[in-house]
Amino acid sequence: MDAQITKADGQLFDPIAMEVFSNRLLSITEDMGNRLVRASFSPNIKERKDCSVAMFDAKGRLIAQAAHIPMHLGSLSGGVETVLGKYGIENVRDGDAFICNDSYLAGGTHAPDITIVTPIFWGGVCRFFAANIGHHSDVGGTYPGSVSPTARTVFEEGIRIPLVRIVREGELDMGMMTLLAENSREPADRVADLKVQIAANDRGAQLMLELVRQLGIDAVQQSIEDILSYTARRLRNRVAALKDGTGSHTAYLDDDGFGGDPVAIKATLIVDGDNLTVDFAGSGPQCRGSYNMPESAMRASVYYVVKTMLDPELMANEGMFDAISIKLPEGTITNPTFPAAVGMRSNTAQRVSASVIGAFSHFLPRERVMAASNDAMPAMVFSGRSRRRAGTYVYVETIGGGAGARFGHDGADGTHVHITNSSNLPAEALENEYPLVVDEYSLITDSGGAGTWRGGMGIARQIRALDDETFCYASSEGTIIPADGVFGGGKGAVAHIIRDRGTAAEQEIPANQPRLVLAAGQSVRVETPGGGGFGPAETRDVAAIAADLRAGRVTPSAVRAAYGEAKAVQAEQMLL
């Protein structure tokens, strides 16, 4: 923490006191998140940890967010802002809790992400809000999983929940709960997980009130003001350290959900003193399919990148937003008009992150530039008749890929990047819960871009159905456009989706085919993109090449093609 940053009145911030207090706030959100994960019923939250929690003050300002899913910040902030905008602070009551998910009515990012917001009262006055979000595996809509690239409107993507009270002064509205649950293919899971989300906020409220009892409300509120001011000042200092000027970068989606040309996402960074503007003028028109980005998701993605590129240790709170202006032209993929579908917005958010990261390369030294990562959110959805209970199961999985290389470091293999941060669902848990078998779960040889430092490897995940009439949907960006290397580094491998691999019926299928019906014994395989390399391949250290050969990350033929015969021979001799 910077020790010499001063307050507006010229006084120095106390770095030790703020570090202690900020970690106390973070411990509250981490406790909320841990309880949400441990107590949840569905594997999507319990195993994959596709959830987030945060604490806000009575003005709707973010004061602490647990280290979960970066893009969830958009939905969490949107939910709290909607409570204040729709009801007003004077009309919330102690014991209330609010629920929402809609992108246009409640600041959400897509229908499966359901937000719970709970006001926290002290002395009869609302002082804070606890908020959490869980990705629910199904909330209705045309297809299981409530996401389809070919959806044209939000009405095809599941139940729309405007901001409504789900708990009124301590009394759970079971009529509302039943309405929401019965619009899902897994009603029992929805009820169980929503009750856990409500309870997780109650735990946050309990811990926040304990902090107030210990320190006093005036001291807590003053400490919050200091932290927000410190964060804002610190980020402005980071921006001011950059050279003034403009830099742009354009990333591309493979298509808009219905094939056709790639869709541009252009980010232009303008640095003017300690102010940073991020302008998305020049981005493609809103998509026919569901790759459109709600405003809340756009803002969360930009804030994530700015923090990552300028100050990774910066506290995630409202102070981050002070120095950043974001321009989102209406009617583009970065700011669609109602009722454009938004279910696949995570893939677009990855490309948004890539475009902003690329634009930062105009301002940062070579040592801080990063090659493109897989910049996608590959996903698989399976659904069919449950063997464990009456009704339908819906299995949802997002899959990692290769990260981009950077100065001095190969890219990480098989990892989520940017705005996604969920865990994988272990094969054992998947096979125990669903009538599915994981045939393969591995890293993909030769998928990382060559370079002085190699790009990260993609993942292969192949799943086989055990029952007839099994619905499957698989998708990935980067099936056409690979991850770029930087400073002469090679491109990463593209993604592939393959049906019945290894059989006579093997077939590569389009990434945006929303519905497959599998018979027992049939499989679908997703191979995710690799990351780009950094620097020219001819300067890669021979020992690093030999280590890659020993670990099976690359094949001898790929080494010869990328690094030349002489280095290939040297590397192979090191293995003898």
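Reply: Helix H1 (15-39), strand E2 (62-65) and helix H7 (295-310) each give at least two residues to the lining of the largest pocket. Before going further: this is a predicted model, where local features need pLDDT of at least 70 and side-chain atom pairs count only at pLDDT 80 or more, while totals for chains, interfaces and linings use all residues. Numbering runs from 1 along each chain as its sequence is written, and side-chain values use heavy atoms, with hydrogens and water left out.

Helices (H or I, at least four residues) and strands (E, at least two) are DSSP runs numbered from the N terminus. Both kinds of space are found on a 1 Å grid over the protein atoms alone: a pocket is an open set of points with protein on both sides within 12 Å along at least five of seven lines, a cavity is a set where a 1.4 Å probe fits but cannot get out, and lining residues have an atom within 4 Å of a point. Points are joined across faces, edges and corners, and a volume is the space filled by probe spheres set on them.

That largest pocket holds about 1000 Å³ of space. Its lining runs to 42 residues, with Pro70, Tyr304, Lys307, Thr308 and Pro312 nearest the centre. H7 supplies the largest share, six residues. By class you get 26 nonpolar, 11 polar and five charged residues; here Ala, Val, Leu, Ile, Met, Phe, Trp, Tyr, Cys and Pro count as nonpolar, Asp, Glu, Lys and Arg as charged, and the others, Gly among them, as polar.

Strand E10 (residues 275-279) pairs with E11 in the parallel sense over four bridges, where pairing takes at least two DSSP bridges between the strands. Threonine 277 has serine 325 in E11 as its bridge partner. The two strands belong to an open, mixed sheet of four, ordered E8-E9-E10-E11. Its edges are E8 and strand E11 (324-327), each pairing on one side only.

Of its 30 lining residues, His249, Ala354, Ala372, Asp375 and Asp484 sit nearest the centre. H8 has the largest share, with five.

H8 (345-360) turns up again in the lining of the largest cavity, along with E12, E13 and E16, and H8 gives the most, three residues. This cavity has a volume of about 280 Å³. It is lined by 27 residues, with His110, His135, Ser346, Met377 and Thr398 nearest its centre.
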